[in-house]
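We'll go from the whole chain to a few single residues.

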Amino acid sequence: MRVLAIGCHPDDLEINCFGTLAIHAKRGDEVYICNIANGCMGDMLNPPEVTAAIRLKEAKAAAEKIGAKEYICLGVDDLSVNSYDEEQLKKVVDVIRKVRPDYILSHGIDGYMDYQRDHNEAASLVFNASFVATIPNYKSKYPVYETITPIYFFEPSASNAFRPTDYVDISDVIDLKLEALRCHESQVKWLMEHVSKDVVETTKATAMFRGRLCKTKYAEAFKRCDQVLRMTPKRMLP
Ligand SMILES: [Zn+2]
């Protein structure tokens with residue numbers, strides 16, 4: 001199986017679905033990790049270019065930690081993710097056409113919003129691109145991908161309105177998930193300084209809460225995209 005996870009910033013996937021991706025990788029599936037933004041605003045002192053370079057290194061290390069097949073960064077600046085930008089759309093279409101995934105994990109906006117615009121724009125970009133990728137007359141670097149890919153939305157970083165439809169038991173890989181998250185050293189520091197948040201602890205607490213809801217120790221929660229042609233008779237999550 002080929003799984004494509006598209007997160008907005010470096011660390012979004014680690015927080016919200018790296019346990020699930022680790023399970024896929026462990027069982028031999030091909031896991032592709034893509035970030036739309038370069039993370040250039042995530043620092044108190046360093047300038048954007050320096051911050052982006054640090055975060056690229058951190059994201060690659062985290063992807064390696066779980067045995068992902070490839071890490072891809074589309075290089076859009078933070079706070080500039082825009083679902084109406086043709087160039088950005090083409091970049092996401094190209095990732096989908098290149099990977100040809102069985103399903104996509106990404107941000108969602110299905111009845112709820114996340115706390116910052118980049119995440120919501122990323123969700124719209126991925127949803128739109130996964131359809132555009134199937135259109136033969138839309139030309140890009142890679143050949144058309146005929147499948148309208150099923151999508152599962154992962155938990156937003158902040159929304160009380162998120163209602164999961166599916167859970168993945170990540171109890172066996174919780175340590176690996178948190179280890180991968182700790183690769184984002186700059187963000188563990190930045191989130192503490194900027195919003196007084198211990199991201200490793202809150203990520204663990206969220207997994208514990210989701211685990212409690214589905215009778216296991218640690219879990220990640222997802223919402224199936226139930227738009228027409230996106231659904232499948234079988235569950236794609238592990
Ligand atoms: Zn983010």
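Among contacts in the protein between residues at least 6 apart in sequence, what percentage join residues at least 24 apart? It's 77%. Keep in mind as you look around that this is a predicted model.

**Stop 1: the whole chain**

Show everything as a cartoon and colour by secondary structure. Walk along the sequence and the pattern reads β-α-β-α-β-α-β-α-β-β-α-α-α-β. Now switch to a C-alpha trace: along its principal axes, the trace spans about 50 × 45 × 35 Å. The radius of gyration is 17 Å, which agrees with the value near 18 Å that a compact globule of 238 residues would have. As for the inside, buried residues account for 47% of the 238.

**Stop 2: α3 against α4**

Select residues 86-99 for α3 and residues 117-132 for α4. Two packed helices are described by the angle between their axes and the distance between the axes. Here the angle is about 60 degrees and the axes are 8 Å apart. An angle of 65 to 115 degrees would count as roughly perpendicular and one under 35 as roughly parallel, so α3 and α4 are oblique to each other. Their crossing is right-handed.

From α3, show Gln-88, Leu-89, Val-92, Val-93 and Ile-96; from α4, show Leu-125, Val-126, Asn-128, Ala-129, Ser-130 and Val-132. By class, this contact has eight nonpolar residues, three polar and no charged ones.

**Stop 3: α1 against α5**

Next, select residues 12-26 for α1 and residues 174-182 for α5. These helices pack at about 135 degrees, with 9 Å between their axes. The label roughly antiparallel needs an angle over 145 degrees, so this pair is also oblique. α1 passes α5 in a right-handed crossing.

Side chains again: Glu-14, Ile-15, Phe-18, Gly-19 and Ala-22 in α1 meet Ile-174, Leu-176, Lys-177, Ala-180 and Leu-181 in α5. Sorted by class, the contact holds seven nonpolar residues, one polar and two charged.

**Stop 4: Leu-56**

Move to helix α2, residues 48-65, and click on Leu-56. Leu-56 counts as partly exposed because 17 C-beta neighbours lie inside 10 Å; to be buried, a residue needs 20 or more. Setting aside neighbours within four places in sequence, Leu-56 is in contact with Asn-38 and Cys-73. Then draw a C-alpha to C-alpha distance from Leu-56 to Tyr-71: they are 15 residues apart in sequence and 9.5 Å apart in space.

**Stop 5: two positive phi angles**

Which loop holds Leu-79? Look between β3 (70-76) and α3 (86-99). Leu-79 isn't a glycine, yet its phi is positive, at about 70 degrees. Leu-79 is partly exposed, with 13 other C-beta atoms within 10 Å.

Finish at Ser-196, in the loop between α6 (185-195) and α7 (199-213). Ser-196 is another residue other than glycine with a positive phi, near 50 degrees. Is Ser-196 buried or exposed? With 7 other C-beta atoms within 10 Å, Ser-196 is exposed, since the cut-off for that label is 12 or fewer.

Notes. Residues are numbered from 1 along each chain as its sequence is written. This is a predicted model: local features need pLDDT of at least 70, side-chain atom pairs count only at pLDDT 80 or more; totals for chains, interfaces and linings use all residues. Helices (H or I, at least four residues) and strands (E, at least two) are DSSP runs, numbered from the N terminus. Axes are lines fitted to C-alpha atoms, for helices over the stretch in contact, and angles run from 0 to 180 degrees between N-to-C directions. A crossing is left-handed if the near helix is turned anticlockwise from the far one by less than a right angle, and right-handed if clockwise. Two residues are in contact if their C-beta atoms, placed from the backbone, lie within 7 Å. Ala, Val, Leu, Ile, Met, Phe, Trp, Tyr, Cys and Pro count as nonpolar, Asp, Glu, Lys and Arg as charged, and the others, Gly among them, as polar. The radius of gyration is taken over C-alpha atoms; the globule rule is 2.2 Å times the number of residues to the power 0.38.
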